[in-house]
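Colleague: I have the sequence and the structure open side by side. Could you walk me through some of the local features?

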Amino acid sequence: MLKRIGTAVIMLAVIFSCVFWLRMYSLICTDILIMAFAWVGGYEMFKSLQKKSVNKAIIDVSSGKSVVQEFKLKPMLIPIVVCCVIVYPLVYFLSAAGLLVTLVVGTILSLIIMVVKHTKYSISDVCATVFNIVYPITIMSILVIMNHSEMGLFSLLSTFAVVVMTDTMAYFVGVTCKGPKLCPNISPKKTISGAVGGVLGGILGMVIVYLLFCQFNVFEYMSSAGLIEPEKNYIFANIPLNLAVLLPLGAICSVIAEFGDLAASIIKRKIGIKDYGNIFPGHGGVMDRIDSFLAVIPVMYIAFVIIEMCV
């Protein structure tokens, strides 16, 4: 327990420092951190998918005997590596269109390889490859778009705060209150009380970011003191930010974060693994830490695009 909590505190401190402090020197510093999570997470997912095997009964027509053979998923390395290389420059220069180009390139490469090596790869392998490119590589890359948007720092910290507070409150409320299980067949330790606590945590996380930006004006004071470059942390004054919009967004994203966590648990159960990796002591790998983020990031991105469009 202490090792898990200690690792979590260190991770949060490092990530927050990189997102906030390094960002004042260059937005690219934050981009590099985001893409590092995307690349490492993509590698962990690639290795995990390779462990998935399916037993099929093959009938020998000549002998009439049935033989059980094991078939493994074979995600294709080349399309995944190519997408890892091209996704950042495409997103940096083309924004959301860069994500679409990345997915198209990855899909076409997968199909070409399947045609060339049709005896080795099947449509299941193409699907596994494209899934690997989407989850987590392209989804994490959405954060790069958010980082360079008009609401860059606010959108990043909102996403970070909602997911972290959801996970934290869900854990502590679940351990304290216990009660009926939420989804015992998927994740035996999760409780309904923990899920409710997680939603409250997500709302609280959004309130904290709102207070920092809109009430206490922490970032304006730091800008005036020369600690932050204003143009890298500025929120345009005509963008409406109020709790009537942010509280429902925090609650919705909190629920989605919990579904993202459950979805990742199902994937691990289907694949037959406990953790995606072992980089973080007591927490598993990168994919084990960003699973909730992967569900929330697209929703946050769409929400903030709509907010900017409504100005």
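Modeller: Keeping in mind that this is a predicted model, I would begin with the nonpolar patch, to which α2 (27–49) and α3 (77–94) each supply at least two residues.

Colleague: Which of the helices gives the largest share of that patch?

Modeller: The largest share comes from α3, which contributes three residues.

Colleague: And which residues form the patch on the surface?

Modeller: The patch is formed by Ile28, Ile32, Tyr92, Phe93, Leu94 and Val101, which together have about 580 Å² of accessible area. One of them, Ile28, is found in helix α2.

Colleague: I was also looking at Ser95; where is that one found?

Modeller: Ser95 is found in the loop between α3 and α4 (96–116), and its phi is near 60 degrees, which is a positive value in a residue other than glycine.

Colleague: Changing topic, what is the peptide bond from Tyr135 to Pro136, cis or trans?

Modeller: The bond from Tyr135 to Pro136 is cis, with omega near 20 degrees, and Pro136 itself is found in helix α5, which covers residues 123–147.

Colleague: Let's go to helix packing. At what angle do α6 and α7 pack?

Modeller: Helix α6 (residues 152–177) and helix α7 (residues 192–215) pack at an angle of about 145 degrees, and their axes are 6 Å apart. The crossing of the two is right-handed, and the residues of the contact of α6 with α7 divide into 15 nonpolar, 10 polar and no charged.

Colleague: What about the strands, then: in which sense do β3 and β4 pair, parallel or antiparallel?

Modeller: Strand β3 (residues 181–183) and strand β4 (residues 187–191) pair in the antiparallel sense, over two bridges. A hairpin of three residues joins β3 to β4, and the bridge partner of Cys183 is Ser187 in β4.

Colleague: How many salt bridges does the structure hold?

Modeller: The structure holds four salt bridges. Among them is the one in which the side chains of Lys190 and Asp261 meet, at 2.9 Å from N to O.

Colleague: Why would you pick out Lys190 and Asp261?

Modeller: I would point to that pair because Lys190 lies in strand β4 whereas Asp261 lies in helix α10 (residues 243–271), so the two tie together parts that are 71 residues apart in sequence.

Methods. Residues are numbered from 1 along each chain as its sequence is written. This is a predicted model: local features need pLDDT of at least 70, side-chain atom pairs count only at pLDDT 80 or more; totals for chains, interfaces and linings use all residues. Side-chain values use heavy atoms; hydrogens and water are left out. Axes are lines fitted to C-alpha atoms, for helices over the stretch in contact, and angles run from 0 to 180 degrees between N-to-C directions. Helices (H or I, at least four residues) and strands (E, at least two) are DSSP runs, numbered from the N terminus. A crossing is left-handed if the near helix is turned anticlockwise from the far one by less than a right angle, and right-handed if clockwise. Ala, Val, Leu, Ile, Met, Phe, Trp, Tyr, Cys and Pro count as nonpolar, Asp, Glu, Lys and Arg as charged, and the others, Gly among them, as polar. Two strands pair if DSSP finds at least two bridges between them. Patches are made of residues with over 30% relative accessible area and no salt bridge: like charges are joined within 9 Å, nonpolar side chains (Val, Leu, Ile, Met, Phe, Trp, Tyr) within 5 Å. Accessible areas come from the Shrake-Rupley method with a 1.4 Å probe; for residues, only the protein chains shown count as cover.
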